[in-house]
Each structure stands twice: as structure tokens, then as C-alpha cells.
Amino acid sequence: MKFNEINPKHRDKIPTEYSPDILFSLNRSERRKNLNINYHEKKFYGFDAWTVYELSWLGKEGVPNSGILYFSYSSSSKKFIESKSLKLYLNSLNNKKFESKEAFLSLLKEDLTNCIEEEIELEIAEKPNDFYPADQTLDTLIIDTGLIIENPNSLKLQTLDQPTKDNFIFSNFRSLCPISSQPDWATIRISYQGNRIEEVSLLKYLASFRNYQAFHEDCVEIIFNDLMRRCSPNILRVQANYLRRGGIEINPVRSSEIISDRIVLRDLKQ
């Protein structure tokens, strides 16, 4: 699928003037239907957290300003933002003058809210968030060869009759962008309470995404859905910290419990 087939407003040329119509969103319910994810508001909770490092605008005298943009919105939103359109939209603001940072933030909030038709939380910070502390990793496990396939295989998942509370990370996760087919790299963080998920089977399952084309948000929801369906944990949280593309990081979070805040720390690779 080519990029312009999704949004004909997109152009490879960087816009030189403010262009809010570049922003493009995707329909969540259609994506979930295509992925066989049975969603309703009480099935899981979560949000999509974005970090933009290449953010710049002009002050009222034409002096360049910069900062780190953090924004997020609920996973219950009807739409979610397509990342390349966000990059081009933000580029269109590079040469626009604003009376204040607050005026710049106000315009960002208005345009992003209009794009997904959902309330957005956002702020501009001067420094990035802290890093997550080290956790149990699946990276060093030894598994058999020849397991890489084209689609996620939840049949790889196995549980043991041992109640536990565990946290795992897998920092070598890879999926493919459904638009460009380029690889997307992430650290997957899984926290759960319930019967123990056998670690090698979990690694095999996460590795099965390696050649699968899906958006970041899709991958996290598929993982959450498969773990709930195959492993039946009492409590589950799945988060992906994706490496930045074009100065933008996307960190989707899905949980079986209501999330009280939207603070997402950085992975060591970010």
C-alpha cells in the first residue's frame, strides 16, 4: 500500500506554510474489525502517548523557538493520528509566528483535536522524561530457529499452573509499517498477574510479529488481546516504546484496569 493511497493530501515536499489540512486520521473501529479485535469500553483501557523532539516555531519577532511536545489521547477515541501526516503538519508550523508559546499550544490542541475528534492532553517540555528502571528481559533467552513467520501466532503462548505477578520486557521487537513496509523497532513491556506465562513461549510469540505489517497501536492491541484470550491473566498491561521516526515516538499503552495517569517514561534505547 502506498502512502498517497491513504491520504492524497500528503506530499513528500516539506510544506513551507501552515497547513492543518495535512493532518490525517485512521478509523479505530475499522482497524479493530480488520484485526478481529472485539473492543468495547470495558474490555480494555489505555491511551496513545506521543513524544515529538523536532518541534519548532517562531516567536512574534521571528526568533526560532523549540521544545519537546508530549501529547496523548484515549484508546477509546474513534480515530488515531497517522504519524507521517503529523510530521508534515508540524513542519508546516516551523515558519509561522506566534504571540506566545501558549498561543502555539492552543493552535496545536485545536488542530489535533479536530483531527481525531477527541480531547487531547498536551504540553511542551524543555527536557525529556526519565528512563524506566531495568526489568526482567526476554532478550537473552535461547529459542529454536525457524520460528519467524509472517503473522502473529498466539498459539505459541503457553501458561503454567503457577500463580504469579511478573514484569517482562522485550527490547528487540520489530514489526513493519503497513504504508512503507519499513521496520518499526520497539521495546515491549508486559506486566501481569495470574498464571505464569512461560517465558520462551512469550518470546516466540513476540518474535512472530517480525514481518507483520501493522500500525504501532494495532500491534499493542493484538498483543493485549492475544494474552487475555490465551493466558487469561487477572490483571494485564501492555506497552510499546517505539524508537523515534522523524523525531517522533509513539508509545501505546493498553490495560485491563483504568489508568490514572498518562506518564510514559523512556526506554533506554529511546
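Where is the place of Ser77? In this predicted model, Ser77 sits in the loop between β3 (64-74) and β4 (79-81).

- The side chain of Ser77 forms a polar contact of 3.0 Å with the side chain of Arg28.
- The Ser77 side chain also reaches the backbone oxygen of Ser74, at 3.0 Å.
- When neighbours within four places in sequence are left aside, Ser77 is in contact with Arg28 and Glu118.

**Helices α3 and α4**
- The crossing of α3 and α4 is right-handed.
- On the α3 side, Leu86, Tyr89 and Leu90 take part, and they meet Leu107, Leu108, Asp111 and Leu112 of α4.
- The residues of this contact comprise 6 nonpolar, no polar and 1 charged.

- Leu176 counts as buried because its relative accessibility is 11%, and the cut-off is under 20%.
- Not counting residues up to four places away in sequence, Leu176 touches Ser181, Gln182, Pro183, Asp184, Arg210, Asn211, Tyr212, Gln213 and Ala214.
- Between Leu176 and Val52 there are 124 residues in sequence and 21 Å in space, C-alpha to C-alpha.

How values were computed
Residues are numbered from 1 along each chain as its sequence is written. This is a predicted model: local features need pLDDT of at least 70, side-chain atom pairs count only at pLDDT 80 or more; totals for chains, interfaces and linings use all residues. Side-chain values use heavy atoms; hydrogens and water are left out. A crossing is left-handed if the near helix is turned anticlockwise from the far one by less than a right angle, and right-handed if clockwise. Helices (H or I, at least four residues) and strands (E, at least two) are DSSP runs, numbered from the N terminus. Contact means heavy atoms within 4.5 Å. Ala, Val, Leu, Ile, Met, Phe, Trp, Tyr, Cys and Pro count as nonpolar, Asp, Glu, Lys and Arg as charged, and the others, Gly among them, as polar. A polar contact is a pair of N or O atoms within 3.5 Å; within protein, one must be able to donate a hydrogen and the other to accept it, and residues adjacent in sequence count only if both atoms are side-chain atoms. Buried means under 20% relative accessible area, exposed over 50%, partly exposed in between (1.4 Å probe, protein chains only).
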